[in-house]
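Please consult the sequence and structure shown below while reading.

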Amino acid sequence: INIQLKNKQHWGHQVYYKGNTLVIKIKQQPKSLALKNLTIAVDAGHGGSNTGAQGLTGVVEKDLALAVSLKLQRLLEQEGAHVIMTRTSEKFFDNKERILFYRDSIPDLLISIHLNSAVDPINTGGTMLFYRYSGFRPLSDAIYKRMLELGLNPGGITGSFNFMLNSPTEYPNALVETLFISNLEEEARVIDPAFQQQIAEKIVLGIKDFLDQAKNNH
């Protein structure tokens, strides 16, 4: 089934059966693409017993992901956006619970914050963005371009990525692997709250760029 959208940007859809009838529900583009009129979901990766990756100094991904996410929340709220958070404190949240939570609240966009890891602490580093469905790629593109302004190495953008928070079709979403916690230089940067703030600022700018592009493609 091919469905031609009125707007070039895909804002989400649902496919389900109602009795014997196949229903395809297309989410309309928000009437206003100003941040103050949108609901943004911010997912701080990991938490609780799910610590994520660990840096060489002992710092863990769950704590840094939360720190960046809280700064992102404040910046978005300062823009007037309504922000939904997976977690605002140090606690465990199962990924299935996260999916169900956002399926009920249906945000306009979802950003999931993580830190990457590799065996090589010197040569492997950089920022990366991941998405699953091609219609949602523009959000990753916009954030990635802004993240590169931090002087991080270009790790690239990966599609068809099978991460649970990228799986919903109901709203555009992006997985931001901010940098490599396993990289000595990048770990030293990201434990600094000032640099965490810069990451959050770049993500906000990326979201704004995405929204501006959607306006122009109307």
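A polar contact is a pair of N or O atoms within 3.5 Å; within protein, one of the two must be able to donate a hydrogen and the other to accept it. By this criterion, the side chain of Gln-196 reaches the backbone oxygen of Val-190 at 2.9 Å. The model is predicted.

**Gln-196**
- Gln-196 is part of helix H5.
- Its relative accessibility is 5%, so Gln-196 counts as buried, the cut-off being under 20%.
- Leaving aside neighbours within four places in sequence, Gln-196 is in contact with Leu-64, Ala-67, Val-68, Lys-71, Val-190 and Ile-191.

**Helix H5**
- Helix H5 comprises 24 residues (193-216), which should span 34 Å at 1.5 Å a residue; the end C-alpha atoms are 35 Å apart, in agreement.
- At the start of H5, the backbone nitrogen of Ala-194 has a side-chain oxygen of Asp-192 within 3.0 Å.
- The buried residues of H5 include Phe-195, Ile-199, Ile-203, Phe-210 and Leu-211.
- An α-helix has 3.6 residues a turn, so residues three or four places apart point the same way.
- The partners against which the buried residues of H5 pack are helices H1 (61-78), H3 (137-147) and H4 (184-190), together with strands S5 (109-116) and S8 (173-180).

**Helix H1**
- Helix H1 has 18 residues and reaches 26 Å from its first C-alpha to its last, close to the expected 26 Å.
- Of these 18 residues, 13 are buried, so H1 is largely enclosed by the rest of the structure.
- Gly-80, which follows H1, has a positive phi near 95°.

Terms used. Residues are numbered from 1 along each chain as its sequence is written. This is a predicted model: local features need pLDDT of at least 70, side-chain atom pairs count only at pLDDT 80 or more; totals for chains, interfaces and linings use all residues. Side-chain values use heavy atoms; hydrogens and water are left out. Helices (H or I, at least four residues) and strands (E, at least two) are DSSP runs, numbered from the N terminus. The expected span of a helix is 1.5 Å times one less than its number of residues. Buried means under 20% relative accessible area, exposed over 50%, partly exposed in between (1.4 Å probe, protein chains only). Contact means heavy atoms within 4.5 Å.
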